[in-house]
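Trainee: I would like to learn how to read a protein model. Could we go through one together?
Mentor: Gladly! Have a look at it, and then ask me whatever you like.

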Amino acid sequence: MPMKPRVRVQRGATLETPVKKKVSQRGTMADSSVQNILSRLMEEKHTFTYKKLVVPMSMRSPYWKYYGFPATEDGDILTKVKIVCVLCKAQLAYNKNTSNLRMHLQNRHAKELMELVAEHPPEIRPSHKQQQAQVQEEQEISPIRHTSNNSKQQKRTKCHRSLENTDSGFTKQGNVYFTQADGSIEIDGDLQFMSDPNISISNFTQDEETSSTIQIFSPPTAANPNVVLQQGSENNKNISDAIAEFLILDLQRADVVEGRGFQRLIATLRSPCEIPSKGRLVDEILPSMQCHLKESEQEFLQLFTGDYGITIEEWVSNNDESFLTFSVHYQHKTEPSLETRVMSTVHCPNSNGVDLHEYWTVFIDALFSEWHINANKVTAIVIATSCTELIQVLASKNFILVPCLMYSLQECASFLLSLSDVHPVLQKCRALLGLIHRHPTALASLRMQEPELQVDEPVVTDCPAIWMTTYQMLEQLSLRRALFPSVLENVTELSADQRLQLLLSEEEWTVVDDIVAALGPFKVAVLTLSEERFPLLSLLEPLLWQLCSSHLQDKDGDSLLVMKLKQILRDNLAAKYVNEDVRTLLRTSTMLDPRFKTLGYADEDVKEDVYERIQKSLEELYEQNPTSIEFSPTPNKKPRLSGMALLLGGVCETKGSVGLNDKAKLELDQFKSETSAPLDACPLQWWSHGSVKCPNLVHLARRYLTLPAAVMPAHRIPLPQALIFHERRKILAPDEADTLLFLNTNYHG
């Protein structure tokens with residue numbers, strides 16, 4: 001049995017007890033003596049004497065040619081906290097990546113680094129087509145693969161061969177490479193450490209990033225005498241990648257890593273660690289992720305043969321600068337789902353010295369070329385922008401431009417709230433609520449009285465860019481109207497007359513109720529969209545019809561102001577969808593939706609017109625793909641005549657082939673005869689099963705059901721999520737917006 005190496009403590013005491021102890025996953029220890037030992041160790045500096053430097057075979061980076069872990073004479077690694085340079089014996093912190101290894105070579109051993117780069121040039125990844133050709137070539141050369149007896153042995157890399165042939169003195173022994181080296185290494189007690197010599201070297205052969213050490217999160221204090229321990233995490237993700245993922249998923253600015261609070265949080269959760277700088281995140285890590293992901297998505301779209309839907313969303317930053325986000329939508333090949341990929345986010349230039357028409361023409365052509373999008377395959381473009389020059393360019397290219405429903409509702413509601421009958425009352429509501437929120441005593445009084453009214457939602461100041469927040473603010477203010485006189489009595493800084501001026505009169509409260517009543521149908525429309533898994537364009541025509549013909553019509557008990565506001569909303573909303581091409585597109589997509597295929601809201605003439613258009617499109621599809629209609633017999637085989645056909649073939653009259661018109665009509669009638677799907681059904685799911693009965697019509701359904709009704713996905717439609725995304729997006733730095741919004745949608749971890 002090998003002798004355990006001693007761990008020499010700097011104060012002169014010698015400790016023979018192994019540092020690492022077996023602990024439960026919760027990190028609790030019942031033995032108080034172990035806690036005392038660990039507490040003392042955290043306050044000391046520990047010195048390890050090593051006899052060898054070893055490199056496990058799992059370390060595949062070429063930089064390990066000049067580094068190694070300190071180990072005993074028997075090759076047992078003493079600590080994984082630090083590594084030692086073979087060339088100069090410098091000690092470097094090991095952060096589970098090789099960035100600091102390269103930096104040390106670059107600063108201290110430039111010649112060796114150049115030689116290393118020459119030995120290991122960066123590999124050029126083959127394109128998708130090249131990979132397919134290579135696989136096909138290998139299959140042709142060796143259709144049957146034989147597994148050698150050594151297939152289970154660990155693969156030797158260029159790094160391993162370099163270690164075997166290096167002049168640094170590394171030799172192979174078992175599953176490690178080692179070189180003789182004497183020295184000592186000093187480690188702070190509060191760092192992550194491992195000094196148990198009985199740990200098997202197999203712990204390091206799984207992966208270069210695997211950590212099996214004990215992490216000490218916090219030292220004992222007078223208030224908390226417990227030492228919190230936890231086994232090293234099995235999550236091998238690099239800390240830089242984890243932080244980048246945090247920025248992507250939560251849509252955070254890169255400068256958050258420079259905050260002291262964030263740095264302390266990371267240091268508390270994982271110590272020691274290397275937090276990437278803002279510059280490295282913005283210039284290296286995030287662009288690299290975007291580049292690789294964009295290349296992958298573009299390669300897929302280059303091979304994609306289906307139809308697309310394009311969406312354009314305009315948004316405004318904190319600096320009142322306008323941006324446009326372009327996305328592409330398509331149906332998944334094997335699953336009934338609508339895929340969304342953000343292509344680009346660009347800043348809207350102003351007209352000062354710029355020909356905007358030429359600018360957007362060049363941009364659209366370059367964007368479609370970069371993403372391999374065939375303009376003939378674009379069913380339509382859903383727009384949520386008021387950029388006139390861009391809209392003109394898209395119209396000149398014969399794209400059908402469909403206004404986004406959420407954007408249309410926002411514009412109609414914003415216009416209503418700006419009316420002279422409404423805006424003064426709205427401003428007074430904001431002033432009243434702002435005063436209460438700024439005054440702690442008044443706010444506390446409001447909170448104490450709210451339970452008496454049994455209100456479920458808090459009252460908060462609205463965000464004008466999202467009309468639903470204004471609707472919610474007015475609705476909640478109206479529910480609390482009886483509380484405000486007593487609440488304002490706590491604002492002693494104001495006189496009685498000033499408090500009275502802040503309160504709304506009965507006529508003004510009536511206006512508030514009228515606004516809520518008029519905008520109520522819009523709220524129902526938003527809730528309907530948010531309940532859909534995929535809010536498709538086929539839902540737009542039924543919603544518009546229901547709003548304009550029913551919910552926005554005058555009701556018994558409506559005041560004159562409510563009737564006026566409903567009329568304004570009804571006219572403005574209908575005016576956004578008067579284009580005949582847009583209406584035809586909406587009706588066609590609605591009829592191909594198995595939930596609304598009867599077009600129960602439309603006249604018979606409209607139904608017949610849509611029916612004929614779909615039948616004509618189906619006939620064109622037959623002409624373009626004749627093989628999709630029926631299977632042609634094998635040309636090499638002569639058809640065999642049966643005895644019945646031979647004797648009585650001239651007696652019976654056989655029917656000729658069915659024309660394209662009849663085939664299209666038969667398939668369309670088959671679709672119409674099917675029972676309508678329930679309202680909560682997914683049309684994409686229905687067509688994935690119904691393609692057997694309508695094998696050609698399903699292609700048309702895919703074309704018209706690739707468009708969303710709104711430019712934002714379903715999870716961003718509910719008010720809480722919409723507000724969070726809006727607040728985070730508007731504070732993005734202009735140079736980070738494109739990268740972060742691209743990764744936020746396209747990155748799936």
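Trainee: This is a predicted model, so to speak our practice piece. At what angle do helix α14 and helix α17 pack?
Mentor: Good place to start! Find helix α14 at residues 467-479 and helix α17 at residues 506-531. Their axes lie 9 Å apart, and the angle at which they pack is about 135 degrees.

Trainee: How many residues of the contact between α14 and α17 are nonpolar?
Mentor: Among those that meet are Trp 467 and Leu 474 in α14, and Trp 509 and Phe 522 in α17. The contact also has 2 polar and 3 charged residues. The number of nonpolar residues is 12.

Trainee: Which element gives the most to the lining of the largest pocket?
Mentor: That pocket holds about 1,100 Å³ of space and is lined by 35 residues. Elements giving two or more of them are β14, α20, α21 and α25. With 7 residues, the one that gives the most is α21.

Trainee: What is the volume of the second largest pocket?
Mentor: Its lining has 36 residues, and His 715 is one of those nearest its centre. By class, the lining divides into 17 nonpolar, 11 polar and 8 charged. The volume of this second largest pocket is about 790 Å³.

Terms used: Residues are numbered from 1 along each chain as its sequence is written. This is a predicted model: local features need pLDDT of at least 70, side-chain atom pairs count only at pLDDT 80 or more; totals for chains, interfaces and linings use all residues. Side-chain values use heavy atoms; hydrogens and water are left out. On a 1 Å grid over the protein atoms alone, a cavity is a set of points where a 1.4 Å probe fits but cannot get out, and a pocket is an open set with protein on both sides within 12 Å along at least five of seven lines; lining residues have an atom within 4 Å of a point. Grid points are joined across faces, edges and corners, and a volume is the space filled by probe spheres set on the points. Helices (H or I, at least four residues) and strands (E, at least two) are DSSP runs, numbered from the N terminus. Ala, Val, Leu, Ile, Met, Phe, Trp, Tyr, Cys and Pro count as nonpolar, Asp, Glu, Lys and Arg as charged, and the others, Gly among them, as polar. Axes are lines fitted to C-alpha atoms, for helices over the stretch in contact, and angles run from 0 to 180 degrees between N-to-C directions. Contact means heavy atoms within 4.5 Å.
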